[in-house]
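Subject: Handing over a structure, with notes

Dear colleague,

I am passing a structure on to you, and I would be glad if you kept it open while reading the notes that follow it.

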Amino acid sequence: MPSADAELLRVRARRLRRLGAQLASRPLDGVLRRAGDDTWRGPLAERWRHEVAAAQLRLADAGDELVRQAIVLERRADELELLARRVAT
């Protein structure tokens, strides 16, 4: 029987995975597609596009980190359930 603490960790891990997936979906790609040379040209436009692309990479990294933390929480939940089973026997 899963403990309440283990279930709470699993719920949090699922939330982290969902958030990680949202960030991995590259939410700024649409902005970059709409900001091409036919929309806006010049050094300021180019700098802005580079900044948005850099932000996209940071979001992807953050999404990866959320998934890594979800894995940590899931492992901790497994450990708690194993400990609860040992204590119960």
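A word on burial comes before the rest: a residue is called buried when its relative accessible area is under 20%, exposed when it is over 50%, and partly exposed in between, with a 1.4 Å probe and protein chains only. By that rule G63 is buried, because its relative accessible area is 3%.

Please bear in mind that this is a predicted model, in which local features need pLDDT of at least 70 and side-chain atom pairs count only at pLDDT 80 or more, while totals for chains, interfaces and linings use all residues. Residues are numbered from 1 along each chain as its sequence is written, and side-chain values use heavy atoms, with hydrogens and water left out.

The helices

Helices here are DSSP runs (H or I, at least four residues), as strands are (E, at least two), and they are numbered from the N terminus. Helix 1 covers residues 4–24, helix 2 covers 29–34, and helix 3 covers residues 43–88.

How do helix 1 and helix 3 pack? Two packed helices are described by the angle between their axes and the distance between the axes. For helix 1 and helix 3 the angle is about 165° and the axes are 8 Å apart, where axes are lines fitted to C-alpha atoms, for helices over the stretch in contact, and angles run from 0 to 180 degrees between N-to-C directions. Helix 1 is therefore roughly antiparallel to helix 3, since angles over 145 degrees count that way, whereas those under 35 count as roughly parallel, 65 to 115 as roughly perpendicular and the rest as oblique. The residues of this contact between helix 1 and helix 3 divide into 15 nonpolar, 3 polar and 8 charged; Ala, Val, Leu, Ile, Met, Phe, Trp, Tyr, Cys and Pro count as nonpolar, Asp, Glu, Lys and Arg as charged, and the others, Gly among them, as polar.

L19 has its place in helix 1 and is partly exposed at 42% relative accessibility; although L19 and D64 are 45 residues apart along the chain, their C-alpha atoms are separated by 9.9 Å. The buried G63 is found in helix 3, and its C-alpha atom is separated by 40 Å from that of T89, 26 residues apart along the chain. T39 lies in the loop between helix 2 and helix 3 and counts as exposed, at 52% relative accessibility; the C-alpha atoms of T39 and R17, 22 residues apart along the chain, are separated by 35 Å.

Charged pairs

Side chains of opposite charge can pair when their charged atoms come close. A search of the whole structure finds 10 salt bridges, a salt bridge being a side-chain nitrogen of Lys or Arg within 4 Å of a carboxyl oxygen of Asp or Glu.

One of them joins the side chains of R68 and E65, at 3.0 Å from N to O. These two residues are 3 apart in helix 3, which means that about one helical turn separates them. R68 is partly exposed at 45% relative accessibility, and E65 is partly exposed as well, at 33%.

R85 forms a salt bridge with E81, with the closest N and O atoms 4.0 Å apart, and both residues lie in helix 3, 4 residues apart, about one turn of the helix. Of this pair, R85 is partly exposed at 47%, whereas E81 counts as buried at 12%. R10, D78, E81 and R85 are linked in a network of salt bridges.

R26 sits in the loop between helix 1 and helix 2, and its side chain meets that of D29 in a salt bridge (3.0 Å, N to O). R26 counts as partly exposed at 38% relative accessibility, and it has a positive phi of about 60° although it is not a glycine.

The aromatic pair

The search of the whole structure finds 1 aromatic pair. W40 and W48 form it, tilted, at 5.8 Å centre to centre and with 55° between the planes. The rule is that rings of Phe, Tyr and Trp (its six-membered ring) pair if their centres lie within 6.5 Å, with planes under 30 degrees apart counted as stacked, over 60 as edge-to-face and the rest as tilted. W40 is partly exposed at 32%, and W48 is partly exposed at 28%.

With kind regards
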